[in-house]
Amino acid sequence: MSLTDLAQPNQGYSYAFLDAFAKRELRRRILKGIAIPGYQVPYASRELPIARGWGTGGLQVTLSLVGPDDTVKVIDQGADDSVNAANLRRFITRMSGAETTTDANAATIIQSRHRIPEEILGEHHALVLQVPNPEPLRRVEPDMAKARILHADADYGQMWLVLYEQLVRFGRYIQGAAYPVMVHERFVMAPSPIPRWDTPALHQSAHLTLLSAGREKRLYAVPPYTNVYPLEFTDVPFEVEDQREWACRTTGARNKFLNELPMDDGSSQFELSDTGYMEKLVNQQRGEPITVGTTYYDDEGNFYHDGYLKPRYNGERPSDA
Amino acid sequence: MTDTLSHDTTANVHPTLDAPIINRVPPLVVARNLTKYYGSIKAVDGVDVVAYPGEILGIVGESGSGKSTVLRLLNLEEATNGGVYNLQISGLTNTNLFELDRFDKRDVRVHHIGIVYQNPHLGLRMRYSASGNVAERLLITGERTFRTLRSKSNDSLLASEFPLDRVDDPPSVLSGGMQQRVQLAKAIALQPELLLLDEPTTGLDVSIQATVLDTLKRIQRLRTITMILVSHDLGVIRTLADRVMVMRNGRVVEQGLTDQILEDPQDPYTQQLVHAKL
């Protein structure tokens, strides 16, 4: 037996692309992020074969978690079939040997750009969200050093002031995506630009959520069963997108997050944003034996945590007062 | 017996430091030996500030005399190079405020001290609405009901005689006088014990100046707020201040009742200052 027989064949890259030091660094940072929910942990973001800003943060977290027994799903704004999602999925499976899927329930790691699947994720899921801008205070405090002091002091008066201004000017919260949330009653967090629709899904969730920004070199986490509340005034409730009148043109599904498709005649049609979920619904309607999981919002639009979303605001707006 | 005597003597070591007593109550603000260096420049060099509840203390002096720096020190905005600063407020009586940590300093500043700057850009967010600027103070203290925020900030703006039909306009489109009123409303929103005024009417035209001074006087009467007013304008000092301190080169050269100082200045510099008034 010679040394050559004992050595691994030369691959040219480490398992799951990142070298062992990079993965150890990331795992250590992830553990810290889980230990301090909502706290932004700086990390050494590596070079990857895709450009910064194209999901490198999420990809590094996925690569440091993934093993040969995992099943990976990659979502790009709800879709499994976008070029970016397909490329990331192919890269992950080529580097790690993990299975891939479009079925959220069958996946163990879900890397997502700006959506959370419609079906309720369980304890066997790790949701990895790609984050372009991890700092919720950036728009009120451009100086990162000062923003970190504000986080340390839990001084979020300016975040509330932004919401106050929105109510004064528009009579409602106008922030559509990345709605600021309070995690574990301590840190205000930008939940990556997921729509308001998905924000409640982070609250007391069974799954682990990891959020990572490769360009900004920050990652943070929402551990399972952690309180996540949107910032809202006591007399003006946070509301998710009002799509009660809309129905999916392919499946007829209601009260799920729908994309609006403008038609040539000026009208609009709607289609499910979560293509993995739509695929399952279509196959089920064709009579295939498929079990579709319970969703965060039922067909009447009720959220699965009773009482988390307050009744919609009807009638007089607070700015009329 | 000897103990009492020696105690009395130590208490009277500096009997001349205090201004003439116009109040029988203990002073609200006691700052001793304030010191601030910028490099080798002694901006403030051993200044004592004592202000009694409900009085207006004026600080006059030429540009660069250190009067604004004293105000910034009293607002806990800057680190000192020495001195002791006490506010007679329950829970803080024997605390040297300069020794508090950042978080506690902010707490004191938010709840007990209001400030109006000469330049509204320092005190206001110019692109947020006027009422939002006032509401920010209330938000910091944890008020989370929109209607309450709205009505309280309107009350405060009303008290500073700000026109209520413009509460949702950002300060960037308001006139100089109105901007000062927004600053004032923000400063008094949480009913502070101490209000610091740094040249509040400098740069305003004379008629607007007069109405802002009226407002200040009225607020001081109604709410019995202690005010420390920094100005180089002797007219403003004469109108508002009960007591006045004259500063030069980081030191207090003379202090006393306003009338006394302005009618019968003793220090050569004060004499020059009073006579230089056009």
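Tutor: A residue is termed buried when its relative accessible area is under 20%, exposed when it is over 50%, and partly exposed in between, with a 1.4 Å probe and protein chains only. Helices (H or I, at least four residues) and strands (E, at least two) are DSSP runs, numbered from the N terminus. This is a predicted model, in which local features need pLDDT of at least 70 and side-chain atom pairs count only at pLDDT 80 or more, while totals for chains, interfaces and linings use all residues. Residues are numbered from 1 along each chain as its sequence is written, chains are lettered from A and ligands numbered from 1 in the order in which they are written, and side-chain values use heavy atoms, leaving out hydrogens and water.

Student: What makes helix H3 (residues 56–65) of chain A mostly covered?

Tutor: Of the 10 residues in H3(A), 9 are buried. Among them are A:Gly57, A:Leu59, A:Val61 and A:Leu63.

Student: Which elements do the buried residues of H3(A) pack against?

Tutor: They pack against helices H2 (20–35) and H4 (83–96) and strands E4 (109–113), E5 (126–130), E8 (208–213) and E9 (218–222) of chain A. A contact here requires heavy atoms within 4.5 Å.

Student: Why is the pair A:Asp153 and B:Arg102 called a salt bridge?

Tutor: The term requires a side-chain nitrogen of Lys or Arg within 4 Å of a carboxyl oxygen of Asp or Glu. The side chains of A:Asp153 and B:Arg102 meet at 2.7 Å, N to O. A:Asp153 lies in the loop between helices H5 (144–152) and H6 (157–170) of chain A, and B:Arg102 in helix H3 (residues 102–112) of chain B, so the pair joins two chains. With a relative accessible area of 10%, A:Asp153 is buried, whereas B:Arg102, at 47%, counts as partly exposed.

Student: What makes A:Asp299 and A:Lys256 a salt bridge, and what parts of the chain does the pair link?

Tutor: Their side chains meet at 3.2 Å, N to O. The pair links distant parts of the chain: A:Asp299 is in the segment after helix H7 (275–285) and A:Lys256 in the loop between strands E10 (228–230) and E11 (258–262) of chain A, 43 residues apart. A:Asp299 is exposed at 54% relative accessible area, whereas A:Lys256 is buried at 1%.

Student: How do you know how compact chain A is?

Tutor: Chain A has 7 helices and 12 strands. Its radius of gyration is 21 Å, close to the 20 Å that the globule rule gives for 321 residues, so chain A is as compact as a globular protein of that length. The radius is taken over C-alpha atoms, and the rule is 2.2 Å times the number of residues to the power 0.38. Of the 321 residues of chain A, 54% count as buried.
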